[in-house]
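This briefing covers one protein chain and goes through its local features by topic. The sequence and structure come first.

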Amino acid sequence: MSDAERAAGAAAEAAGTVVGTNFGAYQSEIYLDGLAGRLPPFTTDPTALEASARERMEPGPFWYVAGAAGSGATARANREAFDRWRLVPRMLRDATVRDLRTTVLGTELPAPVLLAPVGVQSIVHPDGELATARAASALGVPMVLSTASSHTLEDVAEASGDGPRWFQLYWPNDDEVCAGILKRARAAGFTTLVVTLDTWTLAWRPHDLDLSYLPFIRGVGTAIPFSDPAFRAGLATSPEEDPVSAVLRWVSLFTGTDRSWDRLPFLREHWNGPIVLKGVQHPDDARRAVEAGVDGIVVSNHGGRQVDGAVASLDVLPEIAEAVGDEIEVLFDSGVRTGADVLKALALGAKAVLVGRPFAYGLAHGGEEGVRHVLRGLLADLDLTLGLSGHRSPAELTPESLRRA
Ligand SMILES: Cc1cc2nc3c(=O)[nH]c(=O)nc-3n(C[C@H](O)[C@H](O)[C@H](O)COP(=O)(O)O)c2cc1C
């Protein structure tokens, strides 16, 4: 911790904020640093982050992160949906002392925020998932590690130290490979399994197509299967000797096979922790998830990267929360950029949110430090906006906290 961090922490503590979830203190730290002539490492404005990252990234990686399916209509809709809701601040409610902590499926979160699974992070920064794991762990925020990681899950687990770890599965169509990966994830200390349903094949993504840029077929984002004994057993030669054949096997295993509800028991058999289904957008699918005995869902449209023209994820959140919110944990992602966005999603029924592109842009700006800056900024904004709108904890947000714009 820097001297400025300590000073800012002490100042906020004196003002009565809860220690440990004292995220608003990042604001004082930045202003105090300014007295010593130091500016933040890069912008604190979430709406300027993408443009700033673009200046630092090659076109292929930048568009892989920023791009969306088809015309981009779903990605735009995700943002527009947030703009249609406004917080209604309440006054004189003694919100000086705040506690942002919450518990999701046995994982204690310092705030209702997780890092969404984002694959192939080494296209953004050479340290990739290792940097993200360190930054998330330093703040106690769970990182959801993607199956498409550019580092092995054992290495990412080590980088995350004592931090909470969740693992996201892209469900391979080979049961042995699947079981092997799940076993390794459990052994490496990942507690919760997030199964992504909406990306069993890649959508039509014009930005990537125009640049003919797909990281996987260049061997990036394949570290987990390439280091997996069951995957390697299916190859005539090792991925080190013959990367092209290994990539082709990866393609045939990890893309192109949709699953059905009756296959979920297989995952339960091979995972003895909580299971969360990611990509749910319809209340009937949410009810089906409850019937299937899973523990949670992520209401998500993959940040608009899969079904072009799909409904905004926030627009379906209330009906899904209404349908199953009392029975399983409802998480949310797609379009979250600011503290106010987090509060809106909580008010509409989410227990916590996942954030994707913003932290990837942080990674592009400066590896671990960059992710930390973006995350601390979001959490500070969340903390301050929570208090200024008259709330002391995330649980106080209800639909009554919002009005239609
Ligand atoms: C570059 C990139 C890679 C992603 N990789 C994965 C992945 O490997 N697994 C997954 O479930 N979702 C993946 N996602 C989707 C995110 O988990 C999340 O649903 C989405 O980014 C949320 O929207 P946001 O970017 O607007 O916050 C990826 C998203 C991006 C931007």
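Ser 334 sits in the loop that links strand 10 (329-332) to helix 16. The model is predicted. Ser 334 has a positive phi of about 105 degrees, although it is not a glycine. Ser 334 is also buried, because 32 other C-beta atoms lie within 10 Å and 20 or more are enough for that class.

- Helix 16 is largely enclosed by the rest of the structure, because 8 of its 9 residues are buried.
- The buried residues of helix 16 are Gly 339, Asp 341, Val 342, Leu 343, Lys 344, Ala 345, Leu 346 and Ala 347.
- Just after helix 16, Gly 349 adopts a positive phi of about 120 degrees.

**Packing of helix 16 on helix 17**

- Helix 16 (residues 339-347) and helix 17 (residues 357-388) have axes that come within 7 Å and cross at roughly 60 degrees.
- The crossing of these two helices is right-handed.
- On the helix 16 side, the contact is made by Gly 339, Ala 340, Val 342 and Leu 343.
- On the helix 17 side, the partners are Leu 378, Asp 381, Leu 382, Leu 384, Thr 385 and Leu 386.
- Sorted by class, this contact of helix 16 with helix 17 has 7 nonpolar, 2 polar and 1 charged residues.

**Domains and the nonpolar core**

- The domain assignment of the chain gives domain 1 (1-39) and domain 2 (44-404).
- Taken over C-alpha atoms, the centres of domain 1 and domain 2 are separated by 29 Å.
- The largest nonpolar core has 112 residues, and those that touch the most other members are Val 113, Ile 297, Leu 317, Leu 331, Ala 345, Ala 350 and Val 353.
- Helix 17 supplies the largest share of this core, 13 residues.
- Both domain 1 (1-39) and domain 2 (44-404) give residues to this core, so it lies between them.

- Ile 297, one of the core residues that touch the most other members, is in contact with Val 276, Leu 277, Val 280, Ala 286, Ala 289, Ile 328, Val 330 and Leu 331, leaving aside neighbours within four places in sequence.
- Val 298 belongs to strand 9 (residues 296-299).
- Val 298 is buried, because 31 other C-beta atoms lie within 10 Å.
- Not counting residues up to four places away in sequence, Val 298 touches Val 194, Val 276, Lys 278, Gly 279, Val 280, Leu 331, Phe 332, Asp 333 and Leu 354.
- Val 298 and Val 194 are 104 residues apart along the chain, and their C-alpha atoms are separated by 8.5 Å.
- Asp 295 lies in the loop between helix 14 (283-291) and strand 9.
- Asp 295 is partly exposed, with 19 other C-beta atoms within 10 Å.
- The contacts of Asp 295, leaving aside neighbours within four places in sequence, are Leu 105, Pro 274, Ile 275, Val 276, Ile 328 and Glu 329.
- Asp 295 and Pro 274 are 21 residues apart along the chain, with a C-alpha separation of 5.7 Å.

**Loops on either side of strand 2**

- Leu 105, a contact of Asp 295, is found in the loop between strand 2 (102-104) and strand 3 (107-109).
- Leu 105 has a positive phi of about 50 degrees although it is not a glycine.
- Leu 105 is partly exposed, with 18 other C-beta atoms within 10 Å.
- Leu 100 is placed in the loop between strand 1 (85-87) and strand 2.
- Leu 100 is buried, because 23 other C-beta atoms lie within 10 Å.
- The C-alpha atoms of Leu 100 and Ala 36 are 30 Å apart, and these residues are 64 residues apart along the chain.

**Helix 3**

- Leu 49 is part of helix 3 (residues 49-54).
- Leu 49 is buried, because 23 other C-beta atoms lie within 10 Å.
- Not counting residues up to four places away in sequence, Leu 49 touches Thr 43, Pro 358 and Tyr 361.
- Leu 49 and Phe 359 are 310 residues apart in sequence, and their C-alpha atoms are 9.6 Å apart in space.

Conventions
Residues are numbered from 1 along each chain as its sequence is written. This is a predicted model: local features need pLDDT of at least 70, side-chain atom pairs count only at pLDDT 80 or more; totals for chains, interfaces and linings use all residues. Axes are lines fitted to C-alpha atoms, for helices over the stretch in contact, and angles run from 0 to 180 degrees between N-to-C directions. Helices (H or I, at least four residues) and strands (E, at least two) are DSSP runs, numbered from the N terminus. A crossing is left-handed if the near helix is turned anticlockwise from the far one by less than a right angle, and right-handed if clockwise. Two residues are in contact if their C-beta atoms, placed from the backbone, lie within 7 Å. Ala, Val, Leu, Ile, Met, Phe, Trp, Tyr, Cys and Pro count as nonpolar, Asp, Glu, Lys and Arg as charged, and the others, Gly among them, as polar. A residue is buried if 20 or more other C-beta atoms lie within 10 Å of its own, exposed if 12 or fewer, and partly exposed in between; C-beta atoms are placed from the backbone. A nonpolar core is a set of buried Ala, Val, Leu, Ile, Met, Phe, Trp, Tyr and Cys residues joined through C-beta atoms within 7 Å. Domain bounds come from an automatic or database domain assignment.
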